[in-house]
Amino acid sequence: MSHRPLIGIPAASLEPSPARPARYFQFNGNYPACLAASGALPVVIPLGLPEDALADLFARLDGLCLSGGVDVAPAEYDEEPHLALGKVDAPRDHSELTLARWALDADLPILGICRGIQLLNVAAGGNLYQDLSAQLSGSLTHNIKLSESPWERPTHSVRLAAGSRLAGILGVTDLMINSFHHQAVKRPADGFAAVAWAEDSVVEAIEDPSRRFAIGVQWHPEGMFQTDPLARRLFAAFVAATRG
Ligand code: MN
């Protein structure tokens, strides 16, 4: 029997409504499905756990997967909210920033996807564009609507830094990816380097090469897992690192 590494995926809040008076959480099932298909044992982490319980749970994890979702509160990187800031999720920010900082301290493998690259960068001390179209003139359309283009459809190219960990994993330096984001990494955190860029120079991936595995991508490989072997390679490399 092979050992399946345990990989935590923090949940997101579900907005309260009269039909849901209790606290409900949500997650995109593609993330645990891709991790399980790559040989891991995914576990979704509820928000609002007492810190000692969260620490006990963290101590059992072999890796942390930070998934897509709403915007990180700009106060977390010392900025006032821009008018074009989207929704935020304070309990999720708190839980994910805590887990990401523990993972960075312990050098636990981390894969950040979409919001996850942004969260990882903020956790490590970097900052973000709060809204690309408002703050970076001439930027491409990065916030493709899911109603107009499915997860698996690539919509723009990225160029990877030759010699980066990510380029080594994917085995290419140019690829086409999907794009469902209105924010992006502005200044990479100390220790992290930008390793992929769109044509408009928007950062599409970061990594810290000194760590076991600390990579964030701005696209959604979990949405291309069935159709793109490169998406499967990224998950496979992450799961392999969590076994190390
Ligand atoms: Mn993009």
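Visitor: Which residues of α4 are buried?
Guide: This is a predicted model, so everything here is computed from its atoms. In helix α4, which covers residues 115–123, nine of the nine residues are buried, so the helix is largely enclosed by the rest of the structure. The buried ones are Arg115, Gly116, Ile117, Gln118, Leu119, Leu120, Asn121, Val122 and Ala123.

Visitor: Which residue just after α4 takes a positive phi?
Guide: Look past the end of the helix, which runs over residues 115–123. There the phi angle is positive, at about 110°, and the residue is Gly125.

Visitor: Okay, and what does Leu97 contact, leaving aside its neighbours within four places in sequence?
Guide: Leu97 lies in helix α3, residues 90–106. Leu97 is buried, with a relative accessible area of 4%. With sequence neighbours left aside, the contacts of Leu97 are Glu76, Leu119, Val122 and Ala123.

Visitor: How far does α3 reach from its first C-alpha to its last?
Guide: α3 has 17 residues, and at 1.5 Å a residue the expected reach is 24 Å. Its buried residues include Arg92, Leu97 and Leu104, and just after the helix Asp107 takes a positive phi of about 55°.

Visitor: Which protein residues are the donors of the manganese ion?
Guide: Along the chain, the donors follow the spacing H-x13-H-x22-S-x1-H-x22-E. His156 sits in strand β8 (residues 156–160) and Ser179 in the loop between β9 and β10, so this pair ties together parts that are 23 residues apart in sequence. Both His156 and Ser179 are buried. The donors lie 2.3 Å from the ion, and they are His142 (ND1), His156 (NE2), Ser179 (OG), His181 (NE2) and Glu204 (OE).

Visitor: How many disulfides does the structure hold?
Guide: A disulfide needs two cysteine sulfur atoms within 2.5 Å. The sulfur of Cys65 is 8.8 Å from the closest cysteine sulfur, in Cys34, which is too far for a bond. Cys114 has its closest cysteine sulfur in Cys65, 12 Å away, and that is too far as well. The number of disulfides in the structure is zero.

Visitor: Is Cys65 buried or exposed?
Guide: Buried means under 20% relative accessible area. The relative accessible area of Cys65 is 0%, so Cys65 is buried.

Visitor: Which element gives the most to the lining of the largest cavity?
Guide: A search of the whole structure finds one cavity of 30 Å³ or more, and about 50 Å³ of space lies in the largest cavity. Its lining includes Leu170, Trp219, Met224 and Leu234. Both β9 and α7 supply at least two residues of that lining. The one that gives the most, with three residues, is α7.

Visitor: What is Val239 in contact with, leaving aside its neighbours within four places in sequence?
Guide: Val239 is found in helix α7, residues 229–243. Val239 is buried, with a relative accessible area of 1%. Its C-alpha is 9.9 Å from that of Ile110, which is 129 residues apart from Val239 along the chain. Leaving those neighbours aside, Val239 is in contact with Pro5, Ile7, Leu35, Ser38, Gly39 and Ala40.

Notes
Residues are numbered from 1 along each chain as its sequence is written. This is a predicted model: local features need pLDDT of at least 70, side-chain atom pairs count only at pLDDT 80 or more; totals for chains, interfaces and linings use all residues. Side-chain values use heavy atoms; hydrogens and water are left out. Helices (H or I, at least four residues) and strands (E, at least two) are DSSP runs, numbered from the N terminus. Buried means under 20% relative accessible area, exposed over 50%, partly exposed in between (1.4 Å probe, protein chains only). Contact means heavy atoms within 4.5 Å. Donors are N, O and S atoms within 2.8 Å of the metal (3.2 Å for Na, K and Ca); water is not among the atoms, so sites may look incomplete. The expected span of a helix is 1.5 Å times one less than its number of residues. On a 1 Å grid over the protein atoms alone, a cavity is a set of points where a 1.4 Å probe fits but cannot get out, and a pocket is an open set with protein on both sides within 12 Å along at least five of seven lines; lining residues have an atom within 4 Å of a point. Grid points are joined across faces, edges and corners, and a volume is the space filled by probe spheres set on the points.
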